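Q: Please give a close look at one part of this structure, beginning with a single residue and what surrounds it. How does that setting then compare with other places in the chain?

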Amino acid sequence: MGDSNFCGFSFICLLSWLFLSILIQCEVCLASTRSFGKVSPGFEGSQMNWIDNNGLFLLSNNSNFGFGFVTTQDVTMFLLAVIHTGSLKVVWSANRGSPVANSDKFTFDEKGNAVLKKGNVVVWSTNSSDKGVSALELENSGNLVLRVNESDGGVVWQSFSHPTDTLLSGQDFVEGMRLVSDPSNNNLSCYLEMKSGDMTLSAGFQPPQPYWSMAKENRKTINKDGGTVSLATLGANSWRFYDQSNVLLWQFIFSSNTDENATWIAVLGDDGFISFYNLQDSGVASRTRIPEDSCSTPEPCGPYFICYSGNRCQCPSVLSTSPNCQPSIVSPCDQSNGSIELVSAGTGLKYFALGFLPSTSKTDVNGCKNSCMSDCSCRALFFESRMGNCFLLDNVGGFQNSNEGSDFVSYIKVLSNGGSGDNNGGSKNGGMNSHIVAVIVVFTVLVIFGLVYLAFCYYRKRKKPPGTPYVTSEDDNFLDGLTGAPVRYSYNDLQTATNNFSMKLGQGGFGSVYQGVLPDGTRIAVKKLEAIGQGKKEFRAEVSIIGSIHHVHLVRLKGYCAEGTHKLLAYEYMGNGSLDKWIFRKNKEDFLLDWNTRFNIALGTAKGLAYLHEDCDVKIIHCDIKPENVLLDDKFLAKVSDFGLAKLMTREQSHVFTTLRGTRGYLAPEWITNYAISEKSDVYSYGMVLLEIIGGRKSFDSTETSEKSHFPAYAFKMLEEGRLENILDSNLIINEGDERVFTAIKVALWCIQEDMHLRPPMTRVVQMLEGLCAVPPPPTSSPLGSRLFSSFFKSISEGGTSSGPSDCNSDAYLSAVKLSGPR
């Protein structure tokens, strides 16, 4: 009897265990299954639940649009968004300013409310509880809708009424709605809105500064008078504007493509332009954009810079000696600033908002200057001499150069000891006695400071042994301890060489780069470090690493400046700039690099890296290999640059742990998974660059089809199908007998293997590219799978894999591939 009871109990336990397992499996399957058209209340999940569906859990019935979790620039954070599945363009997002983690949940609860939480904090909600909502629907138009019931189909909430920075075909844009751009580098957003019968673009200053309106747009093809515009909608190839009676008043054609079925979007970018993209054509942008003039946006070059035609930027001469071309005034109303004056910004200047701002007052130029000086929030003024209009600006964007001349005169507020010019707008109430007292006080203070300074210098000189360099800072101590360091320039030397930093070549993460000429006629490129913290580390790394090594394929550091807060690096000038602008052509008319030049660039870059890894006293891992850091001289000779993130390793070290550094898209998997890194991390980055050189495109391009958007995955697919020629830039003309093409492709695919042990060292890469040894077929790879489960696979295969093509004269690599299997 006891045995039978025990057997019965065991049978019940077994059934319970089987039922529970089936239930868990069903829940997992259900969580990862996409829905089409709509979902019902009671729906919940996080990005992890739909990771195998790229985070999308709801598709429109025509599958053109998807709703779910979309990755951001930080690959660990996500937006809840609607995307176009063909072009992968985000057309609406719920939490643009508050991305969430992969474990944070979206809930469509039983009360009909859609809510997204970051931890326990609500970051977005439709606030639709207890309103009879029966479904969350994604329409074929891309509109996300909360509906009440099936019978009347009433809409409680819809994304079309709450746009972010994008408008879709068929989406009505009415008064009260607003598009807001992502913030620019200066944290300035622009917005588009409909008000008072007009659609306007404005810079998000306080108060706002308009810079475009459809009423003043001279490219309209239909322009009827008599009505008031109340609605705008994208249809076919034009933007159409209607009154309340649905009468067409204006039409703005932005494309010659007349396909009525095309789906267009209008996107307000962080540069202040509205661009138009055809989603059916892989998201290709129209050449037409708003506004038409490239200098008519709030910050085409940055605040206070003058924009010239052709996107040429120059700092006004009155601010040329100021850091970043900015006045030294933090807040005009801060009394601790000291004495402030108005100085002339120059002649022939305009301002982007002057055609849309109402004048502050009508007066003469002196009255306008007095008004600005008496208003502590005024930073600049423009005065129209012909009409007597005075414009006071509390916030300043970019200036414009007027080729036809200008009726405006302009003044900028600066500290009295910074800049030059008259001060007619200042106070004149002080008498002669006050001026005399001020002069005496200033003179006395200067004499005292002068005496103290001379005493200090004499004291330091007495303490300092003869011939010892003048040590003023921690940086000086560091630099003086370097052996073989390059020439040390004074700040004035480099300021003179660059003509007050007037010819800007580009902008990097830590500062700007300017063109200069040394007294002996040598052209240089001067990097002016402007960031703090990491910028200081970059400066030290550059001087200590590249300053002491020389190689034909490494950019040479000619000298440096470390003077107070000034940190500058002077490199040899590279006439053709960085590689990215030559392989990522923005226009079909741009110069096309031929295959022979591309191959030599790839080979030169490989030789530079091989030198860093193998031929220096210590191994140098660059940590930031990308096309922007490969520079080309006048003859397109490639040189590796920018060693600010480099990491040093002793010859005894095979791996090293360090903080995450580098650029997304070129980071090896071990960076993401927190494994120790090695020189093989540079090999991965080089492989990505080599692949981009071959294909003439970025590793990820949202304008391509879903199959081709992620270039490495597409390249491995073409390897599996034996169609390597599809990887090559279609614009290139290749000789049939040139085997270097397929050699380079196979080398690139070896370099980007997920398992670092399979990647060849850079010395072997050079040998394979030069044809000194054969290139075996690379193993196929599954980038998504190995990214997600690299830790798991690593732990079970630690001892089972050997390196990649380490011996070009043997078949040893075959056993490694067989052991590890296809990747």
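A: Two residues are in contact when heavy atoms of theirs lie within 4.5 Å. By that criterion, and not counting residues up to four places away in sequence, Gln-47 touches Phe-69, Phe-78, Asn-102 and Asp-104. The model is predicted, so local features need pLDDT of at least 70 and side-chain atom pairs count only at pLDDT 80 or more, while totals for chains, interfaces and linings use all residues. Residues are numbered from 1 along each chain as its sequence is written, and side-chain values use heavy atoms, with hydrogens and water left out.

Gln-47 lies in the loop between β3 (43–46) and β4 (56–59); helices (H or I, at least four residues) and strands (E, at least two) are DSSP runs, numbered from the N terminus. Gln-47 counts as buried because its relative accessibility is 7%, where buried means under 20% relative accessible area, exposed over 50%, and partly exposed in between (1.4 Å probe, protein chains only).

Asp-634 also belongs to a loop, the one between β43 (630–632) and β44 (638–640). With a relative accessible area of 53%, Asp-634 is exposed. Residues up to four places away in sequence aside, Asp-634 touches Arg-523, Gly-575 and Asn-576. Gly-577 is 57 residues from Asp-634 in sequence, and their C-alpha atoms are 8.9 Å apart.

Elsewhere, five strands form an open, antiparallel sheet in the order β29-β35-β32-β33-β31; two strands pair if DSSP finds at least two bridges between them. At its edges are β29 (340–346) and β31 (361–362), each pairing on one side only. Two antiparallel bridges join β31 to β33 (residues 389–393), and Ser-361 has Cys-390 of β33 as its bridge partner. Helix α2 (residues 365–374) packs on this sheet, touching β29, β32 (380–384), β33 and β35 (408–415), and its direction makes about 160° with that of β32.

The largest nonpolar core has 68 residues, of which Tyr-686, Ile-694, Ile-727 and Leu-769 touch the most other members. Such a core is a set of buried Ala, Val, Leu, Ile, Met, Phe, Trp, Tyr and Cys residues joined through side-chain atoms within 4.5 Å. Helix α8 (residues 595–615) gives this core its largest share, 10 residues. Beyond its neighbours within four places in sequence, Leu-769 is in contact with Phe-599, Ala-602, Leu-603, Ala-606, Tyr-686, Thr-743, Ala-744 and Val-747. Another core, of 59 residues, lies apart from it and includes Phe-305, Cys-315, Phe-382 and Phe-408.

How values were computed:
Axes fitted to C-alpha atoms, helices over the stretch in contact; angles between N-to-C directions.
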